[in-house]
Amino acid sequence: MNGTHTRRRLRRLGIAAVGALVVVGVAAGPAAAHAEVTASDPRALAENVTLSFTSEAESETAGISELRVVLPQGIAPDAVTLKDAPKEWKLTATPDGYAIGGPALATGTDAEYSVTVRQLPDEKSLAFKTLETYGDGKISRWIEVPTDGEKVDNPAPVLKLRAAAPGAKPIAPSPSPSPSAVAPSAQPSAAAPSAAPVAAAGAGEQATSGKDAGSSTGTVVGVIAAVLLAAAAGSFWWVRRSRSQA
């Protein structure tokens, strides 16, 4: 009985030890994400939404000095404004998103900031691909977007969106410079080619008028010459006749 009881007790201790090792292994595993995003109103077509970002510091030798974010389709760079950021950090729009940075943070300090977005697009999820730059030049790229539930090594911050509120509609984009906006200033140059034909046509008309005037002047001169010649011939005939009669 004692032997059997001892074996059962050892077996239970072994199972408990294995379970403890499993728990410790899971707890010591890598974090699910190193760059995250949350929203004050995570709904499609929500307006004036505050997005809060956190980028975990990984370097043991330098702090984060800049974050470069690629905006998802449906959010224009000029629709994003800075709300809160580390001291002396500024936001600058880029062709596909924005960059925010300033003096490098203390080593080991996570970069936390928030922006306001005019309106979220009508999507189910939004990925904000992020590049973290450290003071020593090291760059961490959190740009992979998992699909079909697969795990990736460098996941981008992803924001899940709920369905849009009833009656929500896309708002008009902000009045920013566009090809149509600058078209009027281009009109003079566009009209330049047509001006040349117009000038050429004018020159042609002037040339035609000159020819007509020249031909008219030539006709008048010819008539006058003919009259003078006839008068001279008549005078010559008269003088000759008078002499013959004398």
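Predicted model: local features only at pLDDT ≥ 70, side-chain atom pairs only at ≥ 80, totals over all residues.

Residues are numbered from 1 along each chain as its sequence is written, and side-chain values use heavy atoms, with hydrogens and water left out.

**Glu132**

- Glu132 belongs to strand S9, residues 129-134, where strands are DSSP runs of E with at least two residues, numbered from the N terminus.
- Glu132 is buried but has no salt bridge, and the nearest side chain of opposite charge, that of Lys138, is 8.0 Å away; buried means under 20% relative accessible area with a 1.4 Å probe, protein chains only, and a salt bridge needs a side-chain nitrogen of Lys or Arg within 4 Å of a carboxyl oxygen of Asp or Glu.
- With the side chain of Trp142, the side chain of Glu132 makes a polar contact at 3.1 Å, the term standing for a pair of N or O atoms within 3.5 Å, of which one must be able to donate a hydrogen and the other to accept it.
- Beyond its neighbours within four places in sequence, Glu132 is in contact with residues including His34, Ser55, Glu66 and Ile139, contact being heavy atoms within 4.5 Å.

**Positive phi angles**

- Leu45, although not a glycine, has a positive phi of about 65°; Leu45 lies in the loop between strand S1 (35-39) and strand S2 (47-55), and is buried at a relative accessible area of 10%.
- Asn48, also not a glycine, has a positive phi of about 50°; Asn48 is placed in strand S2 and counts as exposed at 56% relative accessibility, the cut-off for exposed being over 50%.

Key:
Helix = DSSP H or I, 4+ residues; strand = E, 2+ residues; numbered from the N terminus. Lys, Arg positive; Asp, Glu negative; His and termini not counted.
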